[in-house]
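Reader: I would like to learn how to read a metal site and a helix pair in a model. Please go through them with me.

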Amino acid sequence: MKRMGIAEALREAIAEEMRRDHRVFCMGEDIGIPGGWGGAFTVTLGLEKEFPDRMINTPIAENGFFGMGMGAAMLGMRPIVDVQYGDFLLCAMDQICSNASMMRYMSGGTVSVPLVMRAPVGATGRGAQHARNLERMFLGVPGIKIVAPSTAYDAKGLLKAAVRDGNPVMIFEHKLLYGSKGPRTESGAVDATSDIPDDDYVVPIGRAAVRREGADVTIIAWLLMAHAAQAAANVLSAEGIEAEVVDARSLNPLDYETIGASVKKTGRALIVEEGPITGGVGAEIAAGIQERFGDCLRTSVRRVASPDIPVPFAPVLENAYRPDAARVAAAVRAMCGR
Amino acid sequence: MMPMFPREIPRDQIAKYERSFLLRLYEEMFRIREFEERVRFLFLEGAMPGTIHQCQGQEATAVGVCQALNEDDYLTSTHRPHGHALAKGLTPLEILLELFGSIEGCCKGKGGSMHIGNMAKGMPPAIAIVGGNIPVAAGMALALKMQKRPQIVACFFGDGATSEGAFHEAVNMAAIWNLPVVFCCENNLYGASTHVSKITRLPSLRQRATAYGIEALTVDGNNVLAVYEMARTAAVKCRAGEGPVFLELITYRLTGHSRRDPCLYMPKEERAAWAAMDPLLRLREALLDRGEVTVSELEAVELAVKQAIEQAVEIARKAPPPTLDDLETDVYAKSEVGI
Ligand SMILES: Cc1ncc(C[n+]2csc(CCOP(=O)(O)OP(=O)(O)O)c2C)c(N)n1
Ligand SMILES: [Mg+2]
């Protein structure tokens, strides 16, 4: 057992998968460079020493190398491609959404695309173009699985599950949760370290995790917001409101079994999302809950999310953009009539 | 990669220019250097939020190109925009205010370091998606051509950006429609930590532009006069409807890629060799060698710039941040359709 942050846990997952399966390789910008940073957030730091031929450093050409990742996957490789910031997924949108996601279906189930895509998201003081939470953009694209871990344990287990899945899987990682060290330390970082077992394990895609039990309200969140939800739950507990925190972890498919069991118990559901409220993942979850468990609800489903604006730069505005424990707690109080 | 141009600015080249013009070039470059050094310090001491991409060592490209532009010409920039903005006429104060996240900044604190700009001064907020500003610049040039206006666009980007599809699509369209845009590729030999030799088989990035049938030149980007002369020729061509032109400006980043980058991927000898090619040092030596300018005159210029920047820092430090009332404004322009 070792204590690790998300960046380290992902690095270990990649190394173990590359050791286990020679088809696995990494492709991305500024990876595998001696003296470099190991990608933008140190996840692949030093891996070139053990795998000199399987850390492919690309030119800045996202649409190109995401498409190449797909092509390589079709011929039996297991690529892990990454963007330095999630925002640049939009440069590769065509290959991801028109090709990788639909190839299986268009081929009548004869072609498979075991492609893992990694993308750091979250507002971190860098301004509008290095800040967005892109989960929403891929949720409505059938054919791509989406995971979004909030702990190092889940990050490692989900990445391994993604490599072994056999489909295109997008893994969103939060910049404030990496626990990157040295010059790449993030200010405002939140502790997401876990005890990582020595033995191989996977966290199955499609399963949520109940982080905290409670009978009064269900708070559903992922990535950084899962931490905000737990912090809010602690505050609320002192006030006599017991919140159940469900870390969605997997956004496609969503685990309605776990969500449903919780909502049936509490009768109240709040979804917390970093990103504009309109058209977010929260909207989908809200509709999903209403359709499936509407009869069990004591009050309407609520969302805490960002305003419908680009991510602002100034810290006061960015902090107002990003939901926090105080806003989550306030929403819960309102739902519980306090 | 070691420097490939001789260190000395040729005597006959510097002899062509008025003393006042040369002093202006020096002042402009020094302002950028001093600004960046001051900002680096503010950032490291934690006074400034966010991240920064700085341009120490690349001052001659920004200044050389902008001196060849008219005030009402346009410029587009990247994640590394401070030098371009200063050279285009944005004040140190309006940029500092933005870096501190003040409502009084050039983008009201909504943009930040990677999105510096001021449309009234011909510079839309910089675009931090690598390559993203290149089609935008070509589109601005298209508008200028359709409107039969005399202005041109200078489009700055790095060596790394020339691998993006956006570069290739935009240069080609600018080429087939003869658009008035000068593509200013600052080839500082690295895209982040990746050396340019790892991203192309071509001996020169210039060839990525000649492939689209446009004139393309490789220039000593640390000789401000060489940059100025090539940019002026390019600007004349663009104004005559014979654009676009591509300039490969060979330079070197004497600072980290971003914030606390220790640059371990750059060989020590390479860094040292390029430090000696510092564009400010080179101009300074050439000026003194020419004899019409004294050390104390240069020091007076430097002192005035330093004082002005220090004053701006003091104002910017105390400037008010936006309020929550500003959070949701500026998302849309007022609709032109009456309700
Ligand atoms: C589309 C996109 N991909 C990746 C990045 C991350 N990134 C920021 S700057 C940079 C290197 C850019 O190199 P170059 O174009 O040579 O400009 P320089 O930084 O040297 O000025 C990278 C990879 C980005 N901002 N946008
Ligand atoms: Mg570069």
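Author: What follows takes the conventions, then the metal site, then the helix pair.
This is a predicted model, where local features need pLDDT of at least 70, side-chain atom pairs count only at pLDDT 80 or more, and totals for chains, interfaces and linings use all residues. Residues are numbered from 1 along each chain as its sequence is written, chains are lettered from A and ligands numbered from 1 in the order in which they are written, and side-chain values use heavy atoms, with hydrogens and water left out.

Reader: Which residues coordinate the magnesium ion (ligand 2)?

Author: Donors are N, O and S atoms within 2.8 Å of the metal (3.2 Å for Na, K and Ca); water is not among the atoms, so sites may look incomplete. Here Asp159(B) (OD), Asn188(B) (OD1) and Tyr190(B) (O) coordinate the ion at 2.1 Å. Along the chain, the donors have the spacing D-x28-N-x1-Y.

Reader: Is Asn188(B) buried or exposed?

Author: Buried means under 20% relative accessible area, exposed over 50%, partly exposed in between (1.4 Å probe, protein chains only). Asn188(B) is buried at 6%, and Tyr190(B) is buried at 5%.

Reader: At what angle do the axes of H11 and H12 of chain B cross?

Author: Two packed helices are described by the angle between their axes and the distance between the axes. Axes are lines fitted to C-alpha atoms, for helices over the stretch in contact, with angles from 0 to 180 degrees between N-to-C directions. Helices (H or I, at least four residues) are DSSP runs, numbered from the N terminus. The axes of H11 (residues 279-290) and H12 (residues 295-318) of chain B come within 10 Å and cross at roughly 140°.

Key
Helix = DSSP H or I, 4+ residues; strand = E, 2+ residues; numbered from the N terminus.
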